[in-house]
Amino acid sequence: ALAWGRIIHLLLEILSDMDPKLRLTAAEGLAHNHPDAGLIPNMGDLIEEAIKTLNTPNLSWIFEAGLPEVPISATLPSLSEERMYGIIDRLIVTETDVFAVDFKSNRAVPETPEETPVGLVRQMAAYRDALKQIFPGHCIRTLLLWTRTGTTTELSNAMLDAALNDVTTP
């Protein structure tokens with residue numbers, strides 16, 4: 001599962017800027033030469049999933065704008081002044097909003113935001129709180145993009161706040 005996720009992330013990062021006609025050939029080369037390639041018995045399915053995600057019309061805005069693989073680090077008051085570090089898969093900044101998009105290649109996709117695994121909600125809550133420090137006048141929005149289904153889940157601030165309230169630090 002981890003190998004699948006690493007290769008999907010690489011393909012979404014690199015192929016998004018390519019001419020769609022060149023994506024399949026590039027994907028095959030990148031995927032088959034990836035250090036994790038030997039762990040994936042059905043590489044064709046993985047490549048198909050990545051390209052299908054990139055070609056999904058309602059997701060095009062995610063890949064047409066913003067920055068890929070953005071490292072972020074911040075000291076978070078919401079986590080007892082603990083420092084967090086992460087990499088936002090796609091960061092999109094507009095005049096009013098900041099979208100932190102994280103790609104998820106999980107085989108089980110939650111049907112509702114409330115069914116999202118708490119670890120993922122906590123991850124996105126930390127990203128949101130870090131981004132609030134960088135973009136204080138913007139509305140920070142967090143989205144999980146499920147590559148298996150080509151759908152997104154936006155997590156509410158109430159969900160994000162609750163997830164961080166449950167975290168205890170030593």
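# Getting to know this predicted model

Ser-80 is exposed, with a relative accessible area of 53%. That residue is a handy place to start a tour of this structure, which is a predicted model. The protein chain has 170 residues, 45% of which count as buried, and its secondary structure comes to six helices and five strands.

**Overall build**

- Along the principal axes, the C-alpha atoms of the protein chain fill a box of roughly 45 × 35 × 30 Å.
- Take the contacts in the protein chain between residues at least 6 apart in sequence: 64% of these join residues at least 24 apart.

- As background, most residues other than glycine have a negative phi.
- Ser-80 is not a glycine, yet has a positive phi of about 55°.
- You can find Ser-80 in the loop between E1 and strand E2 (82-93).
- Glu-69, also not a glycine, has a positive phi of about 50°.
- Glu-69 sits in strand E1 (residues 67-76).
- With a relative accessibility of 24%, Glu-69 counts as partly exposed, whereas Ser-80 is exposed.

**Aromatic pairs**

- Two aromatic pairs are found in the structure.
- In one of them, the rings of Trp-61 and Phe-99 have centres 5.1 Å apart and planes at 70°; the pair is edge-to-face because planes over 60 degrees apart count that way.
- This pair links distant parts of the chain, with Trp-61 in helix H4 (residues 60-64) and Phe-99 in strand E3 (residues 97-104), 38 residues apart.
- Trp-61 counts as partly exposed, at 34% relative accessibility.
- Phe-99 counts as buried, at 10% relative accessibility.

- Lys-104 has a relative accessibility of 11%, so it counts as buried.
- Leaving out residues up to four places away in sequence, Lys-104 touches Leu-120, Gln-123, Leu-144, Leu-145, Trp-146 and Thr-147.
- Lys-104 and Arg-148 are 44 residues apart along the chain, and their C-alpha atoms are separated by 8.2 Å.

**Gly-137 in its loop**

- Gly-137 belongs to the loop between helix H5 (118-134) and strand E4 (139-146).
- The relative accessible area of Gly-137 is 70%, so this residue is exposed.
- From Gly-137 to Pro-110 the C-alpha to C-alpha distance is 31 Å, and the two residues are 27 apart in sequence.

**The largest pocket**

- The largest pocket has a volume of about 190 Å³.
- Its lining is made up of Ala-1, Leu-2, Trp-4, Gly-5, Arg-6, His-9, Leu-10, Ser-105 and Arg-107.
- By kind, the lining of the largest pocket divides into four nonpolar, three polar and two charged residues.

Conventions. Residues numbered from 1 in each chain as written. Predicted model: local features only at pLDDT ≥ 70, side-chain atom pairs only at ≥ 80, totals over all residues. Heavy atoms only, no water. Phe/Tyr/Trp six-rings, centres within 6.5 Å; stacked < 30°, edge-to-face > 60°. Helix = DSSP H or I, 4+ residues; strand = E, 2+ residues; numbered from the N terminus. Buried < 20%, exposed > 50% of the residue type's maximum accessible area, 1.4 Å probe, protein only. 1 Å grid on protein atoms, 1.4 Å probe; cavity = no way out; pocket = protein on both sides within 12 Å on 5 of 7 lines; lining within 4 Å. Points joined across faces, edges and corners; volume = space filled by probe spheres on them. Nonpolar A, V, L, I, M, F, W, Y, C, P; charged D, E, K, R; others polar. Contact = heavy atoms within 4.5 Å.
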